Amino acid sequence: VRAMLDAMSDQQERPAQKRKIADLARRLDDKNRDLVDRTNDYLQNPADQRNKRDLHDKNKEVDDLLEDIIKQVKPQVEMANYTHSGDFVTPKMLADAAEEARRAIKKVKNDHPSVSNEQQAEDTKDANVKTDKFTKLVGERAKVDKRPKVASALRDAVPKLEKGNKRMVD
């Protein structure tokens, strides 16, 4: 993990991000030194319950720090929440929104191995926003479509679209 943090720090251009990564690396080094000390204490006297508890607690601290490191350095994408303006949703609006979402999703799928994590997160966010917009438009159209089978199919599609969008973000 330390080597990963050093490599990430070397790649950063923003001083604030470099400081953040350096602080995480320093905290990890400190926790690792403490873990070695607690492990040695335990190995010298494994029957001592305090040594067991201290070693367990130190392991938990290191684990918590590693989780914190992952959260801080991994790009995050949050679910979009498109709000429809209330205009009547036309079939062309649906088709245009579907095409935008399709192109954005295709970009995420096709470019995944060749782009940075940050770019992947940005592309996923874009696909999420466009898919959320399409999903909301489908839901709005389902409310007003006069054809019962079409309205039903649109209503049935909404939870599937929402599930797929959430899966893409997760």
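Tutor: Of the 170 residues in the chain, 28% are buried, where buried means under 20% relative accessible area, exposed means over 50% and partly exposed is in between (1.4 Å probe, protein chains only). Keep in mind that this is a predicted model, where local features need pLDDT of at least 70 and side-chain atom pairs count only at pLDDT 80 or more, while totals for chains, interfaces and linings use all residues. Residues are numbered from 1 along each chain as its sequence is written, and side-chain values use heavy atoms, with hydrogens and water left out.

The secondary structure comes to six helices and zero strands; helices (H or I, at least four residues) and strands (E, at least two) are DSSP runs, numbered from the N terminus. From that end, the elements run α-α-α-α-α-α. Among contacts (heavy atoms within 4.5 Å) with a separation of 6 or more, 65% are between residues 24 or more positions apart.

Now find H5, residues 117–144. Start with H4, residues 91–111: its axis comes within 8 Å of the H5 axis, and the two cross at roughly 155°. Axes here are lines fitted to C-alpha atoms, for helices over the stretch in contact, and angles run from 0 to 180 degrees between N-to-C directions. H4 and H5 are therefore roughly antiparallel; under 35 degrees counts as roughly parallel, over 145 as roughly antiparallel, 65 to 115 as roughly perpendicular and the rest as oblique. Their crossing is left-handed, meaning the near helix is turned anticlockwise from the far one by less than a right angle (clockwise would be right-handed). The H4 residues making the contact include Leu94, Ala97, Ala101 and Val108, and those of H5 include Thr124, Ala127, Phe134 and Val138.

Next comes H6, residues 148–169. The axes of H5 and H6 come within 8 Å and cross at roughly 165°, which makes this pair roughly antiparallel as well. H5 passes H6 in a left-handed crossing. On the H5 side, the residues that meet H6 include Thr124, Ala127, Phe134 and Val138; on the H6 side, they include Ala151, Leu154, Val158 and Leu161.

How does H6 look by itself? Its 22 residues should span 32 Å at 1.5 Å a residue, and its end C-alpha atoms are 32 Å apart, so the two values agree. The expected span is 1.5 Å times one less than the number of residues. The buried residues of H6 are Ala151, Leu154, Val158, Asn165 and Val169, and they pack against H5. An α-helix has 3.6 residues a turn, so residues three or four places apart point the same way.

For a contrast, look at H2, residues 15–44: its 30 residues should span 44 Å, and its end C-alpha atoms are 44 Å apart, so that agrees too. The buried residues there are Gln17, Ile21, Leu24, Ala25, Leu28 and Leu35.

Leu35 is also one of the residues touched by lysine 58, along with Lys31, Asp34 and Arg38, not counting residues up to four places away in sequence. Lysine 58 sits in helix H3, residues 49–73, and counts as buried because its relative accessibility is 10%.
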